[in-house]
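Dear colleague,

I am handing over the structure below, together with an account of what came out of going through it. Please read the account alongside the model itself.

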Amino acid sequence: IGFRKIRAPQKLFEMLVDFWERNKGKEKNEDWPVGNTYTNHWTSPTYMLDVYNGNLVGGGKDLKDRIWDAARETIQQWTGEELTPCSLYGIRVYKEGSVLAPHVDRLPLVSSA
């Protein structure tokens, strides 16, 4: 239980930077459910650059699969578990005044990176 601060694997980092550089400015406002308090989205909206979005340059299923493949070993070492991909969204953007509240992810999302 807890967290560990490490550097992302170089290959993963380069993929994400490339995707960001090619698509920054195209983030979409996230729609949080009523009552959700993970972020203070009611005063400071969050935005998502969805890696699965095939309309974005380089986005789509292939990118999502490559990101998972590049991250899997590091996350499995950290958790000590063999993982099954279930959710991978993209790059979340927080603006000035945004707060990400301490929280526990819902099952089966028991680890986040």
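The largest nonpolar core has 15 residues, of which Phe19, Val51, Leu63 and Ile67 touch the most other members; a nonpolar core here is a set of buried Ala, Val, Leu, Ile, Met, Phe, Trp, Tyr and Cys residues joined through side-chain atoms within 4.5 Å, where buried means under 20% relative accessible area, exposed means over 50%, and partly exposed is in between (1.4 Å probe, protein chains only). Two or more residues of this core are given by each of helix H1 (10-23) and helix H2 (61-79), and H2 supplies the largest share, six residues. Helices (H or I, at least four residues) and strands (E, at least two) are DSSP runs numbered from the N terminus. In soluble globular proteins, nonpolar side chains tend to be buried together.

Before going further, please keep in mind that this is a predicted model, in which local features need pLDDT of at least 70 and side-chain atom pairs count only at pLDDT 80 or more, while totals for chains, interfaces and linings use all residues. Residues are numbered from 1 along each chain as its sequence is written, and side-chain values use heavy atoms, with hydrogens and water left out.

Leaving aside neighbours within four places in sequence, Leu56 is in contact with Phe19, Asn23, Lys26, Leu49 and Asp50. The C-alpha atoms of Leu56 and Lys24 are separated by 9.9 Å, the two residues being 32 residues apart along the chain.

As for the sheet, three strands form an open arrangement in the order E1-E2-E3, with antiparallel pairing; two strands pair if DSSP finds at least two bridges between them. Strand E1 (28-29) and strand E3 (90-94) are the edge strands, each pairing on one side only. E1 is joined to strand E2 (residues 46-50) by two bridges, with Lys28 having Met48 as its bridge partner in E2 and Asn29 standing opposite Tyr47. On the other pairing, five bridges join E2 to E3, and the bridge partner of Asp50 in E3 is Gly90.

The structure holds six salt bridges, a salt bridge being a side-chain nitrogen of Lys or Arg within 4 Å of a carboxyl oxygen of Asp or Glu. One of them joins Arg22 and Asp18, whose closest N and O atoms are 3.0 Å apart; both residues lie in helix H1, four residues apart, about one turn of the helix. Arg22 is partly exposed at 43% relative accessible area, and Asp18 is likewise partly exposed, at 37%. Another salt bridge is formed by the side chains of Arg92 and Glu30 (2.7 Å, N to O). Because Arg92 lies in strand E3 and Glu30 in the loop between E1 and E2, this pair ties together parts that are 62 residues apart in sequence. Arg92 is partly exposed, with a relative accessible area of 31%, whereas Glu30 is buried, at 18%. In helix H2, Arg72 and Asp69 also meet in a salt bridge (3.8 Å, N to O), and these two are three residues apart, about one helical turn. Arg72 counts as partly exposed at 27%, while Asp69 is exposed at 53%.

Turning to the aromatic rings, a search of the whole structure finds one aromatic pair. The rings of Trp32 and Tyr38 have their centres 6.3 Å apart and their planes at 80°, so the pair is edge-to-face; rings of Phe, Tyr and Trp (its six-membered ring) pair if their centres lie within 6.5 Å, and planes under 30 degrees apart count as stacked, over 60 as edge-to-face and the rest as tilted. Trp32 is buried, with a relative accessible area of 15%, and Tyr38 is partly exposed, with 23%.

Finally, Lys64 lies over the face of Tyr52, at 4.4 Å from the ring centre, and Lys95 lies over the face of Tyr47, at 5.4 Å from the ring centre. A charge sits over a ring if NZ of Lys or CZ of Arg is within 6 Å of the ring centre and within 35 degrees of the ring normal.

With kind regards

Terms used. Contact means heavy atoms within 4.5 Å.
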